[in-house]
Structures are given as C-alpha cells and as structure tokens.
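Keep the viewer open as you read.

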Amino acid sequence: MNLMRNLLIRTKTFAKTLSTAGKMDDMSAFRISYNPKEPMDIDNLPSKDPMELFDLWFKEISSSEEVREPNAMTLATCNRKCEPSARMVLLKGYDSAGFRFFTDYDGRKGQELAENSNVALVLYWRPFHRQVRVEGTTEKLSPEECDQYFHSRPHGSQLAASASNQSTILPSYQVLIDKYAQLQDQYPTDSDVVPRPQNWGGYLVKPKAVEFWEGHTNRLHRRLLFSREKPDDEHVKAGLNGWHYCVLSP
C-alpha cells in the first residue's frame, strides 16, 4: 500500500509540474554540475599526439566499473545530398592510423559512406564528464581483417549478421526470426564456421581533427583541439606526428 501511495503522489506531482510548465518539453531546469575526477592539465599534456592521448583516456575509462560500454560511440554520416544521419555503433579498435568499426556495407550507413566518406564520431563518458569528437574520412578494411573480426564475434552474432539485410523493410519481424532459425540449423554449433557475408565488413576512420572535451564547474569547460591542418592563429602549437593543437573557448 505504501508503495502504491508513493507512486500516486509522484504521479500527481509530475502532472502538476507539467501543468505549471505548460508543456512537456520544458527542460530549462534539467542540468547538473560538472566536476571531473582528475582535471585535464592542458599546459602539461601527457602526450601531444591525439591518438596517444585518446589511448590514455580510453584505458582509464574502460578500467572503471562506472562505464559499462566505453566503446559506444555516435557515428554521423552524410549522403550525397548532404543530408545527415547518426546512430550508435561500437568502436572495435584504434591505433595511430585511426578508429575502426564494423557494419553491413549495404545498410544505410554503408550506402551513405559509399556516397560521402566524411564522418564524425562522438564518444561520451558521463561519469567522467568527458567526451571525444572525431572528424575524418573512411576507407574499407581489408577482407582479411574483416574475416578475423567476424569470426571473433559470438556464434549468434555471426548468424544474425548473415540473417539480416540491414535497413531493408521486413514484411514482419517473424521473417527475420525464421531466417535466423534456418541458419541455426545449418550452423548449429560454435565450431561450425559461418562464412562472413561479402556485404559485411569494417571501416577505418582516418581522423583529420580530434577534440577532447572535459566538463567543468560554471560551464567553464576545457576543450583541446588537434588538427592535421594548421589553423591560422598564433596560439596554435605544434604537436607530434604531424598534428597541431590549440585550446578552444567552451
């Protein structure tokens, strides 16, 4: 009874708030204060190469139990008409060359990448009040690298990639389930080798710009931009391995 009464009180309070606000999208009071655990020291960077700095951030964050999926990132693409679209994908590797992810080449994102190779990535780690933005171009990974990653996936995920024609319209969800079941009958055990679909593979995002953002109190956020092309400003500094960097206003 107490639980039901508390639920009713909260429901009435929420309804009253909406009534007072006059509309459901009034989010003017939705905000938090940022206070990073270990603030970024822009004047004493541990590395002046953005990929090395990303590696330091990612290893710190991925070792924390506060972020369950540190490799989740937004991927923004654009078609030939310059109409953007974005979705969440998983980062599956990075090194000095760039960032890697895998998908269906025939899906919407794959079709847009075939028309326009320019992309943007965003990784946001809320408990750390940090995000990394990446702008760059894509190229397909080699068939050998795609095969290696595909067969490292769980058996069920391999079957799902084979069963799904990503982004196409389904007559019903049951059609997908039936196709998956057929593949299960064909490849019943984990030891059965599932062929990688030729329309499924990976991309390398070659960064042209990488920005490190860290939230701070009173919205005095810290922004550090690395770029391949040197901005025409006296405050831009030389980084490592062909990079330039500067501090941006929040």
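## An exposed glutamate

With a relative accessibility of 69%, E229 counts as exposed, because the cut-off for that class is over 50% relative accessible area. Please keep in mind that this is a predicted model. E229 sits in the loop that joins β8 (222-227) to β9 (237-238).

## A buried aspartate

Now for another loop residue, D49, which is found between α1 (2-21) and α2 (50-62). Is D49 buried or exposed? Its relative accessibility is 6%, so D49 counts as buried; the limit for that class is under 20%.

Which residues does D49 touch, once neighbours within four places in sequence are left aside? The contacts of D49 are with F226, L240, N241 and W243. As for S96, which lies 47 residues from D49 along the chain, the C-alpha atoms of the pair are 9.1 Å apart.

Let us turn to α5 (residues 155-163) and α6 (residues 173-186), which pack at an angle of about 125 degrees with 9 Å between their axes. The two helices, α5 and α6, are therefore oblique to each other. The handedness of the crossing between α5 and α6 is right-handed. On the α5 side, the contact is made by G156, L159, A160, S162 and A163, and α6 contributes L176, K179, Y180, L183 and Q184. Sorted by class, the residues in this contact of α5 with α6 are six nonpolar, three polar and one charged.

Not counting residues up to four places away in sequence, Y180 touches G156, L159, A160 and A163. How accessible is Y180? Its relative accessible area is 24%, so Y180 is partly exposed. The C-alpha atom of Y180 is separated by 9.3 Å from that of A161, a residue 19 places away along the chain.

## More on α5 and α6

Within α5, the buried residues are H155, Q158, L159, A161 and A163. What covers these buried residues of α5 includes α4, α6 and β7.

Elsewhere in α6 you will find Q174. With 45% relative accessibility, Q174 counts as partly exposed. Between the C-alpha atoms of Q174 and S117, which are 57 residues apart along the chain, the separation is 34 Å.

## Helices with a buried face

Which residues of α3 (residues 108-115) are buried? They are K109, G110, E112 and L113. Looking down the axis of α3, you would see its buried residues fall within an arc of 165 degrees, so they line one face of the helix. The packing partners of these buried α3 residues are β1 (72-78), β2 (84-90), β4 (98-104), β5 (118-125), β6 (130-140) and β7 (200-214).

In α4 (residues 143-150), the buried residues are C146, Y149 and F150. Down the axis of α4 they fall within an arc of 100 degrees, so here too one face of the helix is lined by buried residues. These buried residues of α4 pack against β4, α5 and β7. The face of α4 turned away from its buried side carries E144 and Q148, which are exposed.

## Two loop residues with positive phi

To finish, look at the backbone of S167, which is not a glycine and yet has a positive phi of about 75 degrees. S167 belongs to the loop between α5 and α6. The relative accessible area of S167 is 54%, so this residue is exposed.

R219 is likewise not a glycine and has a positive phi, of about 60 degrees. You will find R219 in the loop between β7 and β8. With a relative accessible area of 38%, R219 is partly exposed.

Technical notes. Residues numbered from 1 in each chain as written. Predicted model: local features only at pLDDT ≥ 70, side-chain atom pairs only at ≥ 80, totals over all residues. Heavy atoms only, no water. Axes fitted to C-alpha atoms, helices over the stretch in contact; angles between N-to-C directions. Helix = DSSP H or I, 4+ residues; strand = E, 2+ residues; numbered from the N terminus. Parallel < 35°, antiparallel > 145°, perpendicular 65-115°, else oblique. Left-handed = near helix turned anticlockwise from the far one by under 90°. Contact = heavy atoms within 4.5 Å. Nonpolar A, V, L, I, M, F, W, Y, C, P; charged D, E, K, R; others polar. Buried < 20%, exposed > 50% of the residue type's maximum accessible area, 1.4 Å probe, protein only. Arc of directions from axis to C-beta.
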